[in-house]
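User: I would like to go through this model step by step, with the cut-offs behind each term stated along the way. Could we begin with single residues and then move on to the larger picture?

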Amino acid sequence: MSPLRVLAARLQQLVDRIDPQAGRYRMLFESSPLPMWVLDDESLRFVAVNDAALRLYGYSRDEFLGMSASDLRRHDERRDFLRNEPGGSVYRGVFRHARKNGEPLDIDGVGHLVGWRGRRARLVVINDITERQRTQQALEHVNRELELSHERLRALSRRLLEVQEEERGRLARDLHDDIGQALTALKIQLESLHRAGEPALQARVAEGVETVQHTLERVRQLSLSLRPPQLDDLGLAAALRSHLDRQAGVAGLAANFDASEAPQDIEPDTETACFRVAQEAINNVLRHARAHAVWVRLFMAGGRLALSVRDDGRGFDLEAVRRRGASGASLGLIGMEERIALAGGSFELRAAPGQGTVLLATFPLRRQGSEQAA
Ligand SMILES: Nc1ncnc2c1ncn2[C@@H]1O[C@H](COP(=O)(O)OP(=O)(O)OP(=O)(O)O)[C@@H](O)[C@H]1O
Ligand SMILES: [Mg+2]
């Protein structure tokens with residue numbers, strides 16, 4: 001040990017003896033598991049460092065004491081003083097530092113202004129937050145990825161519904177125009193054959209006419225349920241009324257329809273979404289409810305288009321059905337929710353065993369944000 005160092009040590013012992021607290025603080029400093037150092041407030045050079053800091057950074061004591069604060073920093077653009085306490089005696093900052101071997105270190109440092117051998121100095125306590133920062137960044141990354149895949153899924157769902165709608169429209173037209181016309185021609189031919197034909201064949205020809213008539217009716221029904229032309233020509237209310245009457249008529253159910261308070265000028269996409277939701281709800285009433293009557297209403301609610309479909313049937317256990325739906329057993333309700341969500345609407349279903357079912361859906365009249373999501 002150099003004579004100067006011996007002298008310094010001796011002096012320190014004297015200082016410690018004069019102020020017994022100083023010895024205790026020094027012990028705390030040296031043995032603390034938290035990395036700490038003392039910086040000269042003016043030159044920002046290190047004047048003391050504890051073992052924990054040396055272990056964290058990988059420098060020897062001499063190397064460390066030969067450096068200043070900026071030598072530890074890697075990218076000081078991330079320097080970020082979170083606060084400067086009133087009175088200016090506490091500093092706090094998050095820094096990106098580097099170990100001696102170049103590995104990055106993220107630290108959260110708290111500095112206190114202290115007196116150090118007659119000079120102003122900063123006693124800095126370091127918290128290594130490298131892992132925490134890494135985890136946080138990984139989480140943020142995962143969240144961004146999740147958000148992205150949700151967006152992709154939404155765009156895909158929307159596109160799928162559009163394609164399905166176009167395809168249904170095309171099929172409905174083909175069925176109605178091509179097949180329908182061919183069947184009509186066949187029927188006319190059979191009828192003329194029936195008039196001119198031999199008496200022995202007449203009964204069979206009449207049977208053929210009946211079969212063709214029946215098939216024509218089926219084709220017409222199919223075409224209508226695929227894409228009712230009223231939806232494009234006369235609008236939602238007319239299409240829904242005719243669909244309800246047709247379906248309820250077949251099932252022998254009393255149908256009540258009210259669109260007296262329905263808004264005008266609904267966007268075509270919203271009309272289609274609302275029609276499809278109503279179609280599935282009515283379908284569910286016919287298939288599951290064992291109801292006597294069904295009420296369908298289109299109206300305005302809070303500036304939105306609202307649809308309610310109510311029945312007086314046997315109702316059902318909503319929770320149990322939700323659980324079953326989650327496993328993919330049935331898709332009707334899930335499809336409805338999806339369609340309504342894509343249209344920016346809301347969906348509410350009230351059902352209890354023995355108490356009928358009410359479905360309420362609302363749709364915004366002017367769709368917002370649909371362009372960027374598509
Ligand atoms: N109006 C209703 N009255 C009684 N039960 C209903 C009604 N609507 C739905 N349910 C019940 O909810 C279940 C789920 O309906 P959902 O429409 O999701 O599927 P599904 O009609 O069974 O099959 P699909 O996927 O063909 O629509 C039905 O199986 C039925 O038990
Ligand atoms: Mg269904």
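**Loops, cores and a ligand shell**

User: Where is the place of Leu44?
Analyst: Helices (H or I, at least four residues) and strands (E, at least two) are taken here as DSSP runs, numbered from the N terminus. In those terms, the place of Leu44 is in the loop between strand 1 and strand 2 (46-49).

User: How many other C-beta atoms lie within 10 Å of Leu44?
Analyst: This is a predicted model, in which local features need pLDDT of at least 70 and side-chain atom pairs count only at pLDDT 80 or more, while totals for chains, interfaces and linings use all residues. Residues are numbered from 1 along each chain as its sequence is written, and chains are lettered from A and ligands numbered from 1 in the order in which they are written. A residue is buried if 20 or more other C-beta atoms, placed from the backbone, lie within 10 Å of its own, exposed if 12 or fewer, and partly exposed in between. Leu44 counts as partly exposed because the number of other C-beta atoms within 10 Å is 13.

User: What is the phi of Asp265?
Analyst: Most residues other than glycine have a negative phi. Asp265 lies in the loop between strand 7 (254-261) and helix 9, and it is exposed, with 7 other C-beta atoms within 10 Å. For this residue, which is not glycine, phi takes a positive value near 55°.

User: Which residues have the most contacts inside the largest nonpolar core?
Analyst: A nonpolar core is a set of buried Ala, Val, Leu, Ile, Met, Phe, Trp, Tyr and Cys residues joined through C-beta atoms within 7 Å. The largest such core has 31 residues, and those with the most contacts inside it are Cys274, Val277 and Ala278.

User: Which element gives the largest share of this core?
Analyst: At least two residues of the core come from each of helix 8 (236-251), helix 9 (268-289), strand 8 (293-301), strand 9 (304-311), helix 11 (332-342) and strand 11 (357-364). The largest share, 8 residues, comes from helix 9.

User: With which residues is Val277 in contact, leaving aside its neighbours within four places in sequence?
Analyst: Two residues are in contact if their C-beta atoms, placed from the backbone, lie within 7 Å. Val277 is one of the buried residues of helix 9. With its neighbours within four places in sequence left aside, the contacts of Val277 are Leu307, Met336, Arg339, Ile340 and Ala361.

User: How far apart are the end C-alpha atoms of helix 9?
Analyst: The expected span of a helix is 1.5 Å times one less than its number of residues. The 22 residues of helix 9 should therefore span 32 Å, and this agrees with the separation of its end C-alpha atoms, which is 30 Å.

User: Which element gives the largest share of the shell around ligand 1?
Analyst: A residue belongs to the shell if its C-beta atom, placed from the backbone, lies within 6 Å of the ligand. There are 17 such residues around ligand 1, the closest being Asn284, His288, Ala289, Ser330 and Gly332. Two or more of them come from each of helix 9, helix 10 (318-326) and helix 11. The largest share, 5 residues, comes from helix 9.

User: How many bridges join strand 9 to strand 11?
Analyst: Strands pair if DSSP finds at least two bridges between them. Strand 10 (residues 346-351) also runs antiparallel to strand 11, joined by 6 bridges, and Leu349 has Leu359 as its bridge partner there. Between strand 9 and strand 11, where Arg304 is partnered by Pro364, the strands run antiparallel and the number of bridges is 8.

User: What distance separates the C-alpha atoms of Phe299 and Pro263?
Analyst: Phe299 is found in strand 8, and it counts as partly exposed because it has 16 C-beta neighbours inside 10 Å. Not counting residues up to four places away in sequence, Phe299 touches Glu261, Ala262 and Ala306. Although Phe299 and Pro263 are 36 residues apart along the chain, their C-alpha atoms are separated by 6.6 Å.
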